[in-house]
Amino acid sequence: MVEHPQQPLVDIVIPVHSTSRPLQRAVSSALRAAPGQCRVTAVAHHLTAEQVHSMLSVEQRAVVDVIESEDRGSTAAVPRNEALRRTSARYISFLDSDDTLDPGAVTRWLGIAERRGSDLVMPFQHHENPRVDITPIVRPLRRSDLDPVKDRLGYRSTAFGLIRMSAVRRTGARFDESARTGEDQSFVMALYAGAHRIDLAPGLPGVLMHADGTDRVSRQLLPIRETVAAALDLGREPWFAGVPDELKRSYILKYIRVNFFPALEHAVRSGTWDANYARSANAVFGELTQYAPHVTDQLSRADLRVARLLSPGAGERELLAALAERRRYTTPGALLTERWTRVLGRQAPLRVIAASAVQMLRYRWALAAGSRN
């Protein structure tokens with residue numbers, strides 16, 4: 001264990017499960033993210049501490065803590081939970097081994113958290129590829145004291161940024177070690193439901209998501225039930241019973257739109273769609289829509305057309321056409337709900353798509369303008 005002269009404010013935790021990961025790059029970025037204020041901890045998962053040490057430069061070995069976690073699970077849940085158990089820092093910040101932090105990012109987040117008393121500072125996430133990240137889909141001009149429902153925080157399901165450890169302990173937030181994908185859902189939802197204050201750090205510096213990670217579990221094709229299991233299994237969490245229906249509904253609508261429907265299209269295009277898959281998808285959609293009251297009222301007409309096609313087990317061409325229709329965001333079918341009284345609901349397509357368009361502009365402006373704190 002590396003000896004630190006004083007207790008760091010932040011523990012930057014980097015789980016690593018393969019010697020092919022660019023760990024040196026991630027560690028270098030973490031050391032520049034909050035000079036003098038952070039400890040960098042690499043958590044070996046399915047690797048030994050010696051193997052992880054060998055991935056670091058000589059200079060990095062002198063300043064990076066390396067700990068081992070149990071060799072189980074296929075996601076970062078186990079090493080992240082190990083870090084939560086061991087850390088003694090005031091804050092924790094997670095970084096994937098194939099991503100990087102911008103210089104000064106954590107110093108910036110610390111300033112926000114210490115000044116405002118944030119339990120969670122949500123970072124700006126930008127991408128090496130042309131992808132535009134519009135999450136969370138917050139209210140116009142909103143950046144501080146975010147509301148989980150009004151600011152649609154469920155659309156941001158990653159556990160990056162700065163997290164106050166007292167909030168983690170108070171809420172009982174943990175990563176789901178049983179999920180094969182989406183293991184961070186239970187962690188972030190516990191924080192959204194129980195945090196005293198959540199703030200946004202718009203613009204640079206933030207987290208840079210690289211495009212060279214080829215073995216992410218989230219890219220693997222899974223059965224439909226396993227694809228959404230992380231959301232459905234939240235009911236087992238002890239804190240979940242106290243979550244307001246409005247937050248549950250907001251979150252599951254995001255999961256249906258962002259995870260369930262794309263999984264259907266992936267199944268068709270990969271050649272795994274058949275009658276059995278259709279029956280399973282139909283059953284899973286029923287589970288998802290029972291998650292909270294009035295979920296289907298907030299889905300578009302085109303969304304519900306896709307859902308109806310699952311019952312008889314639609315042909316591939318018909319289903320692909322329906323899935324394409326729900327993404328034509330200038331058409332009534334994709335914008336309107338079946339009940340006119342729900343058309344202007346905060347989680348209904350019209351307002352979500354309008355807010356998303358604003359977020360897209362904010363994202364591009366932030367990249368061009370840099371940090372404005």
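This is a predicted model: local features need pLDDT of at least 70, side-chain atom pairs count only at pLDDT 80 or more; totals for chains, interfaces and linings use all residues.
Two packed helices are described by the angle between their axes and the distance between the axes. In the present model, helix H10, which spans residues 245–270, packs with helix H12, which spans residues 301–310, at an angle of about 50°, and the two axes lie 12 Å apart. Angles under 35 degrees count as roughly parallel and those from 65 to 115 as roughly perpendicular, and H10 and H12 are therefore oblique to each other. The crossing of these two helices, H10 and H12, is left-handed. On the side of H10 the contact is made by Arg-257, Phe-260, Phe-261 and Leu-264, while H12 contributes Asp-303, Val-306 and Leu-310. Divided by class, the residues in the contact of H10 with H12 comprise five nonpolar and two charged residues, with no polar residue.

Rolling a probe the size of a water molecule over the atoms shows where empty space is left. The lining of the largest cavity is formed by Leu-120, Met-122, Arg-156, Thr-158, Ala-159, Phe-160, Ile-163, Phe-187, Val-188, Leu-191 and Tyr-192. Two or more of these lining residues are given by strand E6 (120–123) and by helix H7 (185–194), and H7 supplies the largest share of the lining, namely four residues. By class, the lining of the largest cavity consists of nine nonpolar residues, one polar residue and one charged residue.

How values were computed
Residues are numbered from 1 along each chain as its sequence is written. Side-chain values use heavy atoms; hydrogens and water are left out. Axes are lines fitted to C-alpha atoms, for helices over the stretch in contact, and angles run from 0 to 180 degrees between N-to-C directions. Angles under 35 degrees count as roughly parallel, over 145 as roughly antiparallel, 65 to 115 as roughly perpendicular and the rest as oblique. A crossing is left-handed if the near helix is turned anticlockwise from the far one by less than a right angle, and right-handed if clockwise. Contact means heavy atoms within 4.5 Å. Ala, Val, Leu, Ile, Met, Phe, Trp, Tyr, Cys and Pro count as nonpolar, Asp, Glu, Lys and Arg as charged, and the others, Gly among them, as polar. On a 1 Å grid over the protein atoms alone, a cavity is a set of points where a 1.4 Å probe fits but cannot get out, and a pocket is an open set with protein on both sides within 12 Å along at least five of seven lines; lining residues have an atom within 4 Å of a point.
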